[in-house]
Amino acid sequence: MEPRESWAALAAGGVAGVCVDLILFPLDTVKTRLQSPQGFRKAGGFRGIYAGVPSTAIGSFPNAAMFFITYENVKSVLHRGSASYLAPATHMVAASLAEVVACLIRVPSEVVKQRAQVSPSSSTLQILSRILYHEGIQGLYRGYKSTVLREIPFSLVQFPLWESLKDLWSWKQGHVVDSWQSAVCGAFAGGFAAAVTTPLDVAKTRIMLAKAGSSNASGNVLAALGSIWRTQGLLGLFAGVVPRMAGISLGGFIFLGTYEKTRQLLL
């Protein structure tokens with residue numbers, strides 16, 4: 001992959017990340033409060049719907065930029081000399097490695113954001129200071145494993161599906177898809193991936209919101225899923241699935257469409 005292509009992937013990914021995260025922030029807040037152990041109303045209901053947005057605004061660009069520069073470079077390396085039938089596996093590996101790297105930036109931002117979303121009376125800076133004082137730097141990485149375990153299955157579904165839909169549409173019309181067509185493929189792929197990975201998202205939210213010293217604070221995903229199943233059943237495991245699907249479908253449209261368009265403009 002040429003340096004110009006790498007820089008284009010980095011810049012396009014960053015722009016796409018900022019656009020989608022800020023536009024869809026209210027939906028994300030509603031989803032987080034629905035998944036909160038204290039319940040939607042006690043977590044803030046529809047009040048302070050933009051609580052935690054500074055954390056997202058700061059983390060979005062580097063997070064998405066690191067994802068796409070890793071994804072495109074790994075995909076480029078693995079594509080060399082490989083057969084076409086291996087393309088889905090290539091996309092899976094590239095997306096998984098990209099998630100591991102991106103989560104190093106995403107998790108601290110998400111921990112602060114989610115705690116602000118369920119405590120709208122506290123500022124983002126107050127929450128950050130509280131985490132560092134009580135838990136140190138490791139508090140910012142609470143839920144790293146659960147986030148990676150959510151994001152890798154999500155990307156294993158979303159990105160091969162997105163790439164396959166683009167290839168199918170390109171073949172049907174006889175030329176490469178336009179950015180809006182890529183966005184439509186992204187919306188479908190994102191919505192489907194969001195639905196099937198919702199239980200992992202609920203577990204991740206519970207771990208990030210857990211009080212220090214509680215059972216969920218240990219970061220054990222299986223234990224968190226078991227606790228949710230015992231206390232709330234299937235409905236608890238799929239709490240927030242509608243706003244999550246709606247947000248990620250719309251997010252996939254904006255994110256992947258913006259990424260493709262920005263990358264085309266830069267190359």
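The UniProt annotation "repeat: Solcar", from an unreviewed entry, covers residues 4-77, 86-168 and 177-265. UniProt positions follow the numbering used here, feature names are shortened, and annotations may be inferred rather than shown by experiment. The model is predicted, so local features need pLDDT of at least 70, side-chain atom pairs count only at pLDDT 80 or more, and totals for chains, interfaces and linings use all residues. Residues are numbered from 1 along each chain as its sequence is written, and side-chain values use heavy atoms, with hydrogens and water left out.

Residues 4-77 are 76% helix and 0% strand. The end C-alpha atoms of this span lie 16 Å apart.

Residues 6-27 are 95% helix and 0% strand, with end C-alpha atoms 31 Å apart. Residues 234-259 are 88% helix and 0% strand. Their end C-alpha atoms are 35 Å apart.

The chain as a whole has eleven helices and zero strands. Helices (H or I, at least four residues) and strands (E, at least two) are DSSP runs, numbered from the N terminus.

The chain has 267 residues, and its radius of gyration of 18 Å agrees with the value near 18 Å for a compact globule of that length. This radius is taken over C-alpha atoms, and the globule rule is 2.2 Å times the number of residues to the power 0.38. Along the principal axes, the C-alpha atoms fill a box of roughly 55 × 35 × 30 Å. Of the contacts (heavy atoms within 4.5 Å) with a separation of 6 or more, 78% join residues 24 or more positions apart.

Of the 267 residues, 51% count as buried. Buried means under 20% relative accessible area, exposed over 50%, and partly exposed in between (1.4 Å probe, protein chains only). The accessible surface comes to about 12,500 Å². Carbon and sulfur atoms hold 68% of this surface. Areas come from the Shrake-Rupley method with a 1.4 Å probe; for residues, only the protein chains shown count as cover.

G39 is partly exposed, because its relative accessible area is 24%. I207 is 168 residues away from G39 along the chain, and their C-alpha atoms are separated by 15 Å.
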